[in-house]
Amino acid sequence: MLNVCPLSELPPGEALRVPCSPPIAVFRTEEGEVLAIDDTCTHQDASLADGWLEGCQVECPLHASRFDLRTGAVDAPPAKRPVRTHRVEVVDGMIQVELSLDTPNLPPGLAAGSGANA
Amino acid sequence: MHDITIVGASICGLYTARALRAEGFAGRITLVGDEVHRPYDRPPLSKEFLVGTYEIADIQLEDEDEHLDLNYRLGQPAVGLRAREQSVELADGSLVRGDAVVVATGARARTLPAAHGLEGVHTLRSLDDAIALRADLQPSHRLVVVGAGFIGAEIASSARGLGLEVDVVEVAPTPLAGPLGSRFGGILARLHERAGVRLHSGVAPATFEGDGRIRAVVLADGTRLPADVLVVGVGAAPNVEWLSGSPVAIGNGIETDQHGQTGLPGVFAVGDCAAWADSATGRPLRVEHWTNAVERPTVVAQQLLHGRTSMVPRPTYFWSDQYGVHVQFAGSIVDHDEVVVEDGDVDALRFLVTYRRAGEVIGVLGVDSVRQFTRRRRALSAIRTPA
């Protein structure tokens, strides 16, 4: 399990990027649910933690693809592939994430670990 | 309604088909396209595709799991509209009949006639354009870009990243003054110099020298810029000429009401080719942004099928990625009387500013400030959404 931060440091409606490899995004919805997905949009290199959180969906900050935070499914294109979801637990006030063992769906150009292009 | 023809098989046409299906239309959809390619995403053509990070498969827009059941007519430009029958004539003489027509024929790159006929001269609009330009961007080549708008800047950035020597020529005194105002257009232009690209603004290209291939661009002030490749990025013109024999109203684009409905029953227009009546002024306003081409098809589909729409358009949004920097803008700068730096450092080219009119925020510009920009954009939408 990965210790992310105390729950008290992530207010409802906010998101946090965890710089692991690949990075993940942890969201606390307005309703208080804490959910974690891969941070990188599957369409192009963008941080979903910077995106627009609405209910249980996040909209990519660059091109408006939408992902369901519970399932990782694409709710609106241009993204075509889902993001991975990660299991979250809050233990003694600490947000903990169990990283998925699935292969991540990184956008073209990042998949080979080549980093962002200029 | 059994049969709908969409003219234009780019993103706007595809999204129109998606929106029609999402609204429950189960009839036949014919998607006519002048290019031979299935719908693809254009923004990467000046960036990831140009530098070779993306290939064709990476920019295809259709999802293999979606079953839109479209009847494609590709490689066939539409040449005429028979308005009374809602039928579209194609270049091969065939006629596509239907109950309604959605025109999404987009726009094409403007050219500079003086540079016609020389090898190494490019515009960038289509996938085929991008393939040709990509092959010409050899590191040993010298590139001149005419036009320092978003496309020109992105191409300059991509070429510089590939190792080319690059000069950018802009006729206006300040690049991007139209969309961003002269102060911040000028600030963004510093990205060129920071990357070692020479920007020549306030001067027009006078002559194009060549020996079959472009060899130099001579500017009006006498400056001679050696070139092996020339890219002309001087804006786009709507593809509307094929409608000239029809009763559809055409100005700068196909003129429609606030929902894309032309003056002809059953004929709609959307995307880069269309000038919808602006909700604020009532005047026709043609918008060329990607987000416009993906959001407005929902309005058209609802209006076409149900005669009304529940969709409230969001403020205009566009972005540009150049020299490794994310530039994002939402809203408008029209009649702004103040620009406020909200966050970051303008000189470091990482900042967020708001454009205001009588104190009210009407536009937001973010440079490498994605998170802050999202918040401001969201606040802007909340203000603009009617109660």
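Chain B is assigned domain 1 (3–106 + 239–306), domain 2 (109–235) and domain 3 (324–379). The model is predicted. The C-alpha centres of domain 2 of chain B and domain 3 of chain B are 27 Å apart. Twelve residues from domain 2 of chain B and 15 residues from domain 3 of chain B make up the contact.

**Nonpolar cores**

- The largest nonpolar core has 76 residues. Phe27(A), Leu48(A) and Leu81(B) are the residues with the most contacts inside this core.
- Domain 1 (3–106 + 239–306) and domain 3 (324–379) of chain B each give at least three residues to this core.
- Another core, of 44 residues, lies apart from the largest one. Its members include Val145(B), Ala148(B), Leu176(B) and Leu180(B).
- In soluble globular proteins, nonpolar side chains tend to be buried together.
- Not counting residues up to four places away in sequence, Leu81(B) touches Ser87(B), Val88(B), Val101(B), Trp242(B), Leu243(B), Ser246(B), Val248(B), Leu264(B) and Val267(B).

**An open sheet in chain B**

- Four strands of chain B, in the order S18-S19-S21-S22, form an open sheet with mixed pairing.
- Strand S18 (250–251) and strand S22 (284–286) of chain B are the edge strands, and each pairs on one side only.
- S18(B) pairs with strand S19 (residues 253–256) of chain B in the antiparallel sense, over two bridges.
- Within S19(B), Ile254(B) is the residue that stands opposite Ile250(B).

- Strand S26 (residues 350–357) of chain B is mostly covered, with six of its eight residues buried.
- On one pairing, strand S25 (residues 338–345) of chain B and S26(B) are antiparallel and share seven bridges. Val341(B) has Val353(B) in S26(B) as its bridge partner.
- S25(B) and S26(B) form a hairpin with four residues between them. In the turn, Leu349(B) has a positive phi of about 60°.
- S26(B) is also joined to strand S27 (residues 360–367) of chain B by seven bridges, and these two strands run antiparallel. Tyr355(B) has Gly363(B) in S27(B) as its bridge partner.
- The hairpin of S26(B) and S27(B) has two residues between the strands. Ala358(B) takes a positive phi near 50° in this hairpin.

**Two buried residues of chain B**

- Pro43(B) is placed in the loop between strand S2 (28–32) and helix H2 (48–51) of chain B.
- Pro43(B) counts as buried because its relative accessibility is 17%, and the cut-off for buried is under 20%.
- Leaving out residues up to four places away in sequence, Pro43(B) touches Trp290(B) and Trp319(B).
- From Pro43(B) to Asp257(B) there are 214 residues in sequence and 28 Å in space, C-alpha to C-alpha.
- Ser157(B) lies in helix H5 (residues 150–161) of chain B. Ser157(B) is buried because its relative accessible area is 8%.
- With neighbours within four places in sequence left aside, Ser157(B) is in contact with Gln322(B) and Tyr323(B).

**Cysteines**

- Over all chains, the structure holds zero disulfides.
- Cys20(A) is in no disulfide, and the nearest cysteine sulfur, that of Cys5(A), is 13 Å away. Cys20(A) counts as partly exposed, at 22% relative accessibility.
- Cys60(A) is in no disulfide either, and the nearest cysteine sulfur, that of Cys41(A), is 4.0 Å away. A disulfide requires the two sulfur atoms to be within 2.5 Å. Cys60(A) counts as buried, at 1% relative accessibility.

**Confidence in chain A**

- The average pLDDT of chain A is 91, and 93% of the residues score at least 70.
- Over residues 112–118 of chain A, pLDDT stays under 50. The model has nine contacts beyond four places in sequence for this stretch.
- Where pLDDT is low, the predicted coordinates should not be read in detail.

Terms used
Residues numbered from 1 in each chain as written. Chains lettered and ligands numbered in written order. Predicted model: local features only at pLDDT ≥ 70, side-chain atom pairs only at ≥ 80, totals over all residues. Heavy atoms only, no water. Core = buried A, V, L, I, M, F, W, Y, C linked by side-chain atoms within 4.5 Å. Buried < 20%, exposed > 50% of the residue type's maximum accessible area, 1.4 Å probe, protein only. Domains from an automatic or database assignment. Contact = heavy atoms within 4.5 Å. Pairing = 2+ DSSP bridges. pLDDT = per-residue confidence, 0-100.
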